[in-house]
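We will look at its pockets, then at a pair of helices.

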Amino acid sequence: MTQDNIPPFLHYGFRPMFLAAAGWAIVALILWLAMFFGALQLPTRFDPIAWHVHEMLFGFVMAAVAGFLLTAIANWTGRPPVSGTRLAALAALWLVGRLACSISADLPAWIAVAADLAFPAALLAVAAREIIAAKNWRNMVMMGPLSLFLIANLLMHLESLGWAVPSGLGWRLAVAAPILLISVIGGRIIPIFTRNWLSRRDSLRLPLPPNRFDTVAIVLLAIALLLWAFFPDRAVTGVLLVAAAILHAIRLSRWTGLPTRSEPLLFILHVGYFWVVLGLLLLGLSAFDIGVPAPSAIHALTAGAIAVMILAVMPRVTLGHTGRNLTASRATIVAFLLINAAALARVCASWHPALMTQLLLIAGLCWIAAFAIFEFVYGPMLLTRRVGS
């Protein structure tokens with residue numbers, strides 16, 4: 001089937017999966033707020049907090065990761081993009097997983113688990129096939145985080161079914177996976193985009209090229225996050241996380257992001273990576289008895305680093321692959337401000353128990369508004385043909 005015979009919605013992975021990611025970010029957050037305030041109870045085997053965690057990580061984040069990787073892999077390998085029927089099948093598996101998790105109490109356990117694991121398993125298989133077929137061995141590293149997502153999802157299900165799984169191991173691994181992806185992919189695209197932008201303006205200071213320092217920083221991050229997943233309260237975990245935060249702060253400074261403030265579509269990538277540094281620092285400090293709440297640290301990584309980076313990348317990919325100028329509209333800038341406000345309010349909520357309910361509500365409303373703007377502004381671009389084609 002040629003591209004001409006395929007609906008535009010199914011030309012590239014970013015089209016259906018970005019729409020799904022932003023849509024589920026809105027719907028899942030509304031459902032979570034309704035459960036938090038006692039207005040709703042879903043027929044799921046997960047308790048309300050576990051459902052919220054699961055659906056943010058394996059619903060929202062996985063959809064965004066899938067959209068980016070399916071699009072990027074076509075660029076990396078030079079092979080035709082996964083499109084048409086295969087892409088529709090992947091999107092359908094994602095949707096089936098969301099439904100299965102939301103009504104899992106009404107389904108046989110094995111059906112709910114199998115239905116939810118089908119999407120990450122299929123995504124891993126498709127991504128590996130494309131990379132192997134092109135002998136694009138450099139990018140086989142991406143299979144690590146994707147495999148981690150699959151294992152983490154299984155562990156969350158097993159824990160909900162009463163298996164002897166270390167408490168929270170599944171979701172901690174699922175937080176580690178996208179942070180590792182951000183460190184690897186962000187380390188590629190942020191300095192390149194920044195160098196290109198600064199070079200066009202004849203800047204004398206350009207990002208340093210990747211070298212052994214970047215490799216050391218990523219390896220230390222991987223070790224620290226995996227240690228945190230298995231031993232979150234150990235002092236050595238805290239020390240390694242703080243060390244990783246310092247190395248990645250230095251790494252971020254090497255990318256000379258401050259001069260890009262006048263280009264929000266680029267600067268937001270640096271902001272997203274700053275959240276990685278802040279989240280790692282808070283997470284490391286939370287391992288010591290010095291008053292840093294672990295939920296604040298975790299949400300600096302999730303609502304901060306992961307969500308901000310997702311909302312930074314989705315407009316850029318959409319604009320670039322639909323033939324539009326890489327410039328942030330006013331509405332996009334508002335979305336960037338709202339997602340950062342949501343992250344900040346959620347991080348602060350755990351520091352101020354007396355104001356937690358109000359801050360959670362503020363965070364939720366800002367989050368919903370940010371992704372609603374994305375759907376409103378970029379939805380028509382994702383559903384229609386590339387400009388000029």
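The largest pocket holds about 1000 Å³ of space. A pocket is an open set of points on a 1 Å grid over the protein atoms alone, where a 1.4 Å probe fits and protein lies on both sides within 12 Å along at least five of seven lines. Its volume is the space filled by probe spheres set on the points. This is a predicted model, where local features need pLDDT of at least 70, side-chain atom pairs count only at pLDDT 80 or more, and totals for linings use all residues. Residues are numbered from 1 along each chain, and side-chain values use heavy atoms, without hydrogens and water.

Lining residues have an atom within 4 Å of a point. The largest pocket has 43 of them, and I49, H52, V53, I298 and H299 lie nearest its centre. Among the helices (DSSP runs of H or I, at least four residues) giving two or more residues to this lining are α1, α2, α10 and α11.

The second largest pocket has a volume of about 470 Å³. Nearest its centre lie V184, R188, D214, I218 and R251. Helix α6 gives the largest share of this lining, eight residues.

Now find α10 (residues 294-321) and α11 (residues 330-349). Their axes, lines fitted to C-alpha atoms over the stretch in contact, come within 8 Å and cross at roughly 170°. So α10 is roughly antiparallel to α11 (an angle over 145 degrees between N-to-C directions, on a scale from 0 to 180). The contact (heavy atoms within 4.5 Å) includes H299 and A303 of α10, and F336 and I339 of α11.

Notes: Parallel < 35°, antiparallel > 145°, perpendicular 65-115°, else oblique.
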